[in-house]
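Good morning, colleagues. Please look at the sequence and the structure as I show them.

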Amino acid sequence: MLSYYCSVLSNQLRVAAVTAIAPISWGTTYLVTSELLPPGRPLLAAVLRALPAGLLLLAITRTLPVGGWWWRSLVLGTLNIGAFFAFLFLAAYRLPGGVAATMGAIGPVLVAVLASLLVGEALTVRRVVAGFAGVLGVALIVLQADARLDAVGVVAALAGAVSMSLGSVLSKRWGRPQVGRRIGARRRTSPDLDPNAGSGAPVSGLALTAWQLVAGGLVLVPVLLLVEGLPSDAPDAAAIGGYAYLSLVGTALAYALWFRGIAALPVGSVSFLGLLSPVVAVLAGLVVLGEALSLGQLLGIAVVAGSLILVFTARRPRAILSA
């Protein structure tokens, strides 16, 4: 029994380690944005992250959704990408970065509750304790004593956390379709066949990621045109490199690994990996910009690490609530 538990735990930790590449890459976003991208264009960066990445994955997989997966892709893309990025942009402008990050750190608690209601995962004492410990750890890492609060910014930050949390749980609930429609394939015209059944092309995790990124990017385009407008100047080489990194590594690769982790592990556990983003952001500032770490930040990193250990070493947890 013990050897079986150790084997399962080892496999889960390997999957979690690969999935963690996603939030680790997201943690470098602030550094790349502040050092390489033009200032004051967060929505442009969001569109150039999501849409090219989605189109690239779509060109690789050459698979389109069929039937109900058109609207499901739109819903997931809006929650995980479009609405999430828009709320993140609004919160970033209305709140100090530390406040926005601390608000976003409630995501694991929200996911734990939603997962218990929508996918039947147990809401355990361990997850609840780890969730609030994660919020405390992130607050110690990024929150400043003179941080100011803004009602609109707080609502936007909370809405962003809810959007991403609900999108993650729905991704787990809906899973992945068995077949899609191969781009360029003929539609079925026989009266005995369902024309919406596609060409029988298998749907990979990359294809599902592509659908969401394209949908989320398209949702953001009108917001970009309304709020920021198109840029008047061409990007320089540094900006092009920054956009390429965010699109290829921080979006295409990151979201593909993130959704793969959600499919393979309990979504309530995967969500805790998002706590790594502010940790990486602070460490990147230390390594690249020479910023110093305070004692409080070191304590915060230790608390975040403790919350991750608490979640990923759980064994037959006792449920507070389950569906």
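A crossing of two helices is called left-handed if the near helix is turned anticlockwise from the far one by less than a right angle, and right-handed if clockwise. Helices (H or I, at least four residues) and strands (E, at least two) are DSSP runs numbered from the N terminus.

The model is a predicted one, in which local features need pLDDT of at least 70, side-chain atom pairs count only at pLDDT 80 or more, and totals for chains, interfaces and linings use all residues. Residues are numbered from 1 along each chain as its sequence is written, and side-chain values use heavy atoms, with hydrogens and water left out.

The chain contains 14 helices and 5 strands. Of its 323 residues, 46% are buried, meaning under 20% relative accessible area with a 1.4 Å probe, protein chains only.

I turn now to one helix pair. Helix 5 (residues 69–94) and helix 9 (residues 151–174) have axes that come within 8 Å and cross at roughly 155 degrees; axes are lines fitted to C-alpha atoms over the stretch in contact, with angles from 0 to 180 degrees between N-to-C directions. Helix 5 and helix 9 are therefore roughly antiparallel, the term for angles over 145 degrees. Their crossing is left-handed.

Finally, consider T251, which lies in helix 11 (residues 237–264). Is T251 buried or exposed? T251 is buried, with a relative accessible area of 0%. Leaving aside residues up to four places away in sequence, T251 touches R49, A50, A53, L213, L246 and A256, where contact means heavy atoms within 4.5 Å.

Terms used:
Angles under 35 degrees count as roughly parallel, over 145 as roughly antiparallel, 65 to 115 as roughly perpendicular and the rest as oblique. Buried means under 20% relative accessible area, exposed over 50%, partly exposed in between (1.4 Å probe, protein chains only).
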